[in-house]
Amino acid sequence: MSNQEMNFFEIEKKWQDRWRDAKIFEAEPIEGKNKVFITIPYPYMNGHLHVGFAYTSSRGEFYSRFKRMQGYNVLFPMAWHWTGEPIAGTAKRIANGDKKLINVLKKIDKISDDDLKKFVDPIYIAKYYTDKAKPAIMKLGYSVDWRREFVTTSLNKEYSAFVQWQYRKLKEKGYVIKGTHPVIWCPNDKSPTGDHDRLKGEGVSPEVFYLMKFKFEDGFLVAATLRPETIFGVTNLWIKSDEQYAKVKVKNEIWFVSKDTVIKLKEQDFDCEVLKYLQGAYFIGKKAQEPIYNREILILPAYFIDPKLGTGVVYSVPAHAPYDYIALIDIKKDKKIQEEFQLNSIEIERLKPISIISTEGLSEIPAEDIVVKMKIENQNDPKLEEATKYIYSEEFRRGKLKENCSIYAGIQVSEARKKIIEDLLKRSILDKLYDAPEPVICRCGTRCIVSIFKDQWFLKYSDPTWKSLAKKAVEKMKFYPTEAKRMFLDIIEWLEDKACTRKSGLGTYLPWDSTWIIEPLSDSTIYMSYYIISKYVNLGLINIDNLKDKFFDFVLLGKGDIDYISKLCNVDRNLLLNIRKEFLYWYPVDLRNSAKELINNHLTFFIFHHVALFPEDLWPKAIGVNGLMNIEGKKISKSEGNIISIQEAVENYGADTIRLFLALAAEGLDDVEWTSSGLKQTINTLNSFYSFIMRLINMNILSNKTNMDKWLISIFQKRIKQVTEFFEELKIRSATNVALYEIWSDIKWYLKRTETPNVELLRNIIENWLKLLTPIIPHICEELWEKIGKSGFISLSEWPKYNENLIDEKEEAKEILFINLQNDIQNIISKKEKAEKIFLYLPSKTKYEILKEIYELALKGEDQKRIFNLIYKKENFQTKDAINTLLKYYFSLEKILRDNIINAEEIDKRTIEELRQHYNRQKLIVEVYREDDKDIYDPLNKAKKSLPFKPGILIE
């Protein structure tokens, strides 16, 4: 059946309407009831929400439903982020007639011409996408308390009052400071560009590039590098011949740099004046003088150079830089280029890599090796970035400079770099320039630079006391997966001050200087606490006139005299007290989940701001982190058309299909692939599951107890335990795999092994099976819950509890043995043309007894060598090889069989009898012998090799 034939869409709408009408996800404090407060980052509304957001947010949704069924009072709210440059940037580009953007919006986002005319207003854009996003999220069946939603920016005066209170508090504590710092800067917006204000380059920070001066004509060709220690291996200079360069007077020197470098020099307070512009081709074939030994080196063309990165001049170290190595290979092969620039081919051929760094595990010329190994063919190969990062990292961590590096020979690269920088700065051979190590594009479409910004407001993340508090919080918190904890500690360690304001875009004005707007990563750090307040705002019980700083001091920090604050803020005393009580009920945040790309910024800032403002008992409890999503093997990209909105996905596939697909897609930090083939397979799975349950429900047979009932009861209890533990650890894929596929397989096996199943037992199993799947596919589970005659919502039913008393490991061990034996028999039969008789051989009594002794000694903690000696001494009639065989066999058994070794003889006999009956029904004769039987048919000596839980098999 298809998705349509099963009416999944109708089922989903039916239950979403019922949940909404019953208000089952509207969470209120309940005295004496344990709570769980779960949040996900509010989405940024500069476009339709895409399936990548669905993947990240689904983790919070699944966990919310799970904890609610466990009996917790669960709050899972959502809001919408409008702050920042992206939305404003889109409006500006449309107003300027940006055809590329307009085409993307019409083609990808399906924006009508009428709406596009209104897209010159950033607020209209934000509201348009928000109005589309909320129904899409609701159609996914999220268990959100929508009474608490809000939008950011100064249009929401109440939220802005909250943010301004936050920043006044941070400034009081000395965590917001005015200073001079290098920042990523948009020349168009004339404002710092934070991560969320970027089309490209999220996470990129200013880095120091060292400017190496090479004598040329009446000045210096100035090359930028991150590795000044490599100057000893320079062979030539690279210039991009078709780009413009500038002859610039800098202080008392003449510098030759790319034209794009000039604005960076000016933004970083270099006293500079452009004397004239030159085409890059002017330099090709000429020579410059390297600054260490004054060798003359050739200037050559290379097309890998980005004139906007560094200075547009690169000094070549082909032994240790893959880009340089492949460019050198290219120029040697390219006779056409040599002729065009009248280059001396003999001189070029003489250029050889100079090895200057010795690194264990790398060759003398590591750049050559990695280019060959990675099959890099030319300067445009994207693998060059990976190759470069690998060599740079290895040499920095473990490399030493060689004897051809003057006084720095034998020094670790990490130490030598510091000494070389210090020495060359003193000799005026070196200078410094801040730059972005990778391209950063502002949302307005402009390539960003680094500016030394004066009188800018920064969050002082470098503060040692603040860092210490953040680390303390991390040590107390849980992280899912656990390896994420180390990542947070590392980021806290190296995190420097961050600009927290900008001049343009949407947002909240800095409370003490309204010429600045608080940027989006800085106004989104403690807003989880505002979800408690926003409910009262949305109900009309409080408004901007009430939200003075003293209000937030009392509600969020418990400070101040309630009677005084009630009068000052004009808020009823009881209302004020209730808001405070509600805040203390829900806080702290029990789980915040987001994608791993936010570890470097938002999630770490979330920790910093909470420890700065709240007492320790209100610090966050746990953070979950997941991987990123690709669509059909490619990174999600709106500009390249590789994007699927949640709205489109739900309309095409339905909510439970998407939910199940996302649940099974990946786990931990692994990235996930959205594929149409995977979604179609998920639809088939859901149809099969639904039909399977309906067949079980409609079984019209007498209920009989069977010899498999105890096994099914026992294995199902273990599944309950597994699913519960996986959900607790936020291992959603593992939980779903067990809850769906393994339980399904268990029931199918039970039905296969029983001629007349216990219908009453199956009904009970189905009820609990549906409960285990409800967090993932709630709509289908609600429908089937109703089909089996249950009342109320399964979403509010009690989560199955693991009952250890129902575990019967003897039954489980018996069934494992049955399956193993049956598989072995079938494998043998499949290789024969015909099978008429099966001979099974049980081991001798002695083997059972020795294995029992091994079990008892192992239980006492004896090691294998000690067990061997004790057994051999006692059973001296047994050979050493025989005892060793039994010892190795025991420790190779899966745990459940090892634990049941004392019951092995009984289990073997039962299983053999069940196998006899099974194959007799198939008209196969089964004969059973014991290894120590006197009258035994065993032409191939199978009995001698038999072991407990592993009878010998012969088929004729």
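The cover over the buried residues of helix α28 includes α1 (8-22), α2 (51-69), α23 (655-665), α24 (676-697) and α27 (759-773). Buried here means under 20% relative accessible area, with exposed over 50% and partly exposed in between (1.4 Å probe, protein chains only). Helices (H or I, at least four residues) and strands (E, at least two) are DSSP runs, numbered from the N terminus. The model is predicted: local features need pLDDT of at least 70, side-chain atom pairs count only at pLDDT 80 or more, and totals for chains, interfaces and linings use all residues. Residues are numbered from 1 along each chain as its sequence is written, and side-chain values use heavy atoms, without hydrogens and water.

Helix α28 spans residues 778-787, and eight of its ten residues are buried, so the rest of the structure largely encloses this helix. Among the buried ones are His779, Glu782 and Trp785. Gly789 follows α28 and has a positive phi, near 85°.

A nonpolar core is a set of buried Ala, Val, Leu, Ile, Met, Phe, Trp, Tyr and Cys residues joined through side-chain atoms within 4.5 Å. The largest such core has 150 residues. Trp674, Phe689 and Trp769 touch the most other members. Helix α26 (residues 732-753) gives the most to this core, with ten residues. A second, separate core of 85 residues includes Phe554 and Phe608.

Beyond its neighbours within four places in sequence, Trp674 is in contact (heavy atoms within 4.5 Å) with residues including Val51, Met629, Tyr653 and Phe661.
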